[in-house]
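Opening my notebook on this one.

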Amino acid sequence: MPATTLVTSTTTSEKTPTVGTGFPKATGTKFTLDGVTKYFAGTNCYWCSFMTNNADVDTTFDRFQKSGIRIIRIWGFNDVNTIPEPGKVYFQHLSASGSTINTGANGLERLDYVVSAAEKRGLKLVINFVNYWDDFGGMNAYITAFGGDKTGWYTNKAAQTQYRKYIEAVVSRFKSSTGILAWELANEPRCSQCSTDVIYNWAKTTSEYVKSLDGDHMVTLGDEGMGLSGDGSYAYTFAEGTDFVKNLGISTLDFGTFHLYPDHWGTSYDWGNQWVKSHAAACVAANKPCFFEEYGTLSNHCSLERPWQLTSVATLGMASDAFWQAGDTISTGTTHDDKFTIYYDSSDWKCLVTDHVAAIA
């Protein structure tokens, strides 16, 4: 989902570490985290990657831990074509004349602290490598540097070469961390009116590459789950170039992902329950977990989204869900509200986090 940048100042705080038990893994259609195999509650926090005040990271992650959230999906990308002013966070500068990966204090060191904070609290991160959308650079930043268009991004040699260099930089940095749930190839990759072979072949070869760098962590695609048998409505079609079942069959992808946005897709809210069940059935057939990794509504969050959570928890094949998106009040004020946001300690938070976690337990 689209987002805006958040940057703050630097302090530190510490918390007693939570000792992890090995790397997270898939056990049939469930996740096993720290030796426990069950259904887990999660959220999205794209802005968590870009806070420069360590105390804000600690406060935010303390609240996740206290609330019972175990899985947090964050942006592992922040691509630019022009180096920003000092102090502003960016992870990669893309240029045809020579790209650079920012490993400094306003670069990947920000991810260092986020990963460390997750490790201390027994939280597990899904870290994404690139955005289909233009927020935080995305595929468009590669196109600006290397030419082409989004349809051709998946086979653009120069873009893919630099993309893999970036993957290597991130994965090598955190491959020993028990705070990583999975590496994610892209946020909502799509290829409008393309053959589904385009994304399939890219996902296969890229996931194989990630596994060659790190055989201990899971890898997933990050797609919206479009393209599978259903009622023929937009999201079930193959128009965006993805085939959920075919992609799920890639051996180096450990679990399936899907998203749900009726306000954007022109469906009823109740339609979402069958959307969950359709993906779960495919995951059962593949004997892999399904991660309901993004979902939201523009209003009436509790009454409209809670039924999806209940369906997900009750359906064989489902391993976890993560609403879009968590919000909080930190040192710089209230984090970005895109109308889907569920703020910490609000009535919506009680419904979609507190009550959800209690029901799972």
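Below are my entries, element by element.

**Ground rules.** I'm working on a predicted model, where local features need pLDDT of at least 70, side-chain atom pairs count only at pLDDT 80 or more, and totals for chains, interfaces and linings use all residues. Residues are numbered from 1 along each chain as its sequence is written, and side-chain values use heavy atoms, with hydrogens and water left out.

**Entry 1: the open sheet.** I looked up the sheet made by β1, β2 and β3, and found three strands in the order β1-β2-β3 with antiparallel pairing. Strands here are DSSP runs of E with at least two residues, helices are runs of H or I with at least four, and both are numbered from the N terminus. Two strands pair if DSSP finds at least two bridges between them. β1 (25-27) and β3 (36-38) are the edge strands with a single partner each, so one side of each has no neighbour in the sheet. From one strand to the next, the twist averages 35 degrees (axes are lines fitted to C-alpha atoms, for helices over the stretch in contact; angles run from 0 to 180 degrees between N-to-C directions). I count on three bridges between β1 and β2 (residues 30-33), and Lys-25 sits opposite Thr-32 in β2.

**Entry 2: β9.** Is β9 buried or exposed? Five of the five residues of β9 (residues 124-128) are buried, so the rest of the structure largely encloses this strand. Buried means under 20% relative accessible area, exposed over 50%, partly exposed in between (1.4 Å probe, protein chains only). I checked both faces: Lys-124, Val-126 and Asn-128 are on one side, Leu-125 and Ile-127 on the other, all buried. β5 (residues 71-75) pairs with β9 in the parallel sense over five bridges, with Arg-73 opposite Val-126. β10 (residues 180-184) also runs parallel to β9, joined by four bridges, and Asn-128 faces Glu-184 there.

**Entry 3: β12.** Five of the five residues of β12 are buried too, so this strand is largely enclosed. Gly-256, Phe-258 and Leu-260 point one way, Thr-257 and His-259 the other. β12 pairs in the parallel sense with β13 (residues 290-295) over five bridges, and Phe-291 is the bridge partner of Thr-257.

**Entry 4: cavities.** How many cavities of 30 Å³ or more does a search of the whole structure find? I get two. On a 1 Å grid over the protein atoms alone, a cavity is a set of points where a 1.4 Å probe fits but cannot get out, and lining residues have an atom within 4 Å of a point. Points are joined across faces, edges and corners, and the volume is the space filled by probe spheres set on them. The largest cavity comes to about 60 Å³. α7 (244-248) gives the most to its lining, three residues, and β12 (256-260) supplies at least two. Other lining residues include Thr-220, Asp-223 and Leu-253.

**Entry 5: Tyr-236.** Where does Tyr-236 lie? I found Tyr-236 in the loop between β11 (218-220) and α7. Tyr-236 is buried at 3% relative accessible area. Beyond its neighbours within four places in sequence, Tyr-236 is in contact (heavy atoms within 4.5 Å) with residues including Gly-227, Leu-228, Trp-271 and Trp-275. Gly-225 is 11 residues from Tyr-236 in sequence and 8.3 Å away in space, C-alpha to C-alpha.

Note on methods. 1 Å grid on protein atoms, 1.4 Å probe; cavity = no way out; pocket = protein on both sides within 12 Å on 5 of 7 lines; lining within 4 Å.
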